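Okay, thanks everyone, I'll keep this short. Let me put the model up and then talk you through it.

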Amino acid sequence: SPSSGSTFAGWSGGGCTGTGTCTVTVTADTTVIATFNLATVTTDITPTADSYVHGSSVSSNFGSDSQFYIAHGGQIGGNGTRAFLKFSNNLSSNSQVNAATLFVYQYQIVGNAFGQPISANSVTDDSWNEAGITWNNQPALGSVLDTVSSGVISGVWLHFDVTSFVSSEVAAGSPDITIALVPQPSAWARLYSKEGVNAPFLRLE
């Protein structure tokens, strides 16, 4: 049976065409195909866990903070910082994801770091938890999914195209999806975490 919200697109086979009633007199093996267009649904989901980690405070946890402090080592020294966001995947493995976009709110630019790049990276290890993640035990980064420039003013939404990775995680039936935010050279900004005023979210279409 078709998925809820789908629309009938037409018949093919068995002498049937169009979208009207199809009557087939079967005298031999006959294939009749009914084609439906799947409904497009947009869903926004917030993280179940998020935190940033700090390369100069390697054993510290920042899971309860209302912000992600995103800074490259060239700005603050050491290894800099990065953030991790985990989302629950409630989709079945045969669900089609046409687009997946990560939205994160930048509420402050630090120093002179206007329009500097921040990347979204895949992370396949979802075993970390918000209250325990530190620089020392952070999961390994995967490939860069998208890179955007931080806002030239404070108070803007940054959005990252993470479609390829989210689609593969859904198809694999992964119960969770983790994405990292990694500052590139000269980046230095503060973004809201899920405890902040404007929480990040993953938009699935």
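This is a predicted model: local features need pLDDT of at least 70, side-chain atom pairs count only at pLDDT 80 or more; totals for chains, interfaces and linings use all residues.

I'll start with the whole chain and then zoom in on one residue.

What secondary structure do we have in the chain? We've got two helices and 13 strands.

Now, the overall shape. The C-alpha trace spans about 80 × 35 × 25 Å along its principal axes. The radius of gyration is 22 Å, whereas a compact globule of 205 residues would come in near 17 Å. As for burial, 41% of the 205 residues count as buried.

What about contacts along the sequence? If you take contacts between residues at least 6 apart in sequence, 77% of them join residues at least 24 apart.

The accessible surface of the chain is about 10000 Å², and carbon and sulfur atoms account for 47% of that. For charges, we have 5 positive and 13 negative ones, and their mean positions sit 10 Å apart.

Okay, zooming in: Ser122. You'll find Ser122 in strand S8, which covers residues 117-123. Is Ser122 buried or exposed? Its relative accessible area is 7%, so Ser122 is buried, given that the cut-off for buried is under 20%.

And who does Ser122 touch? Leaving out residues up to four places away in sequence, the list is Leu141, Gly142, Ser143, Leu145, Phe165 and Thr178. If you want to follow along on the screen, pick out Ser122 in S8 and then look for Phe165 and Thr178, which are among its contacts.

That's my bit, over to you.

Key:
Residues are numbered from 1 along each chain as its sequence is written. Side-chain values use heavy atoms; hydrogens and water are left out. Helices (H or I, at least four residues) and strands (E, at least two) are DSSP runs, numbered from the N terminus. Buried means under 20% relative accessible area, exposed over 50%, partly exposed in between (1.4 Å probe, protein chains only). Contact means heavy atoms within 4.5 Å. The radius of gyration is taken over C-alpha atoms; the globule rule is 2.2 Å times the number of residues to the power 0.38. Accessible areas come from the Shrake-Rupley method with a 1.4 Å probe; for residues, only the protein chains shown count as cover. Lys and Arg count as positive and Asp and Glu as negative; His and the chain ends are not counted. The place of a charge is taken as NZ of Lys, CZ of Arg, CG of Asp or CD of Glu.
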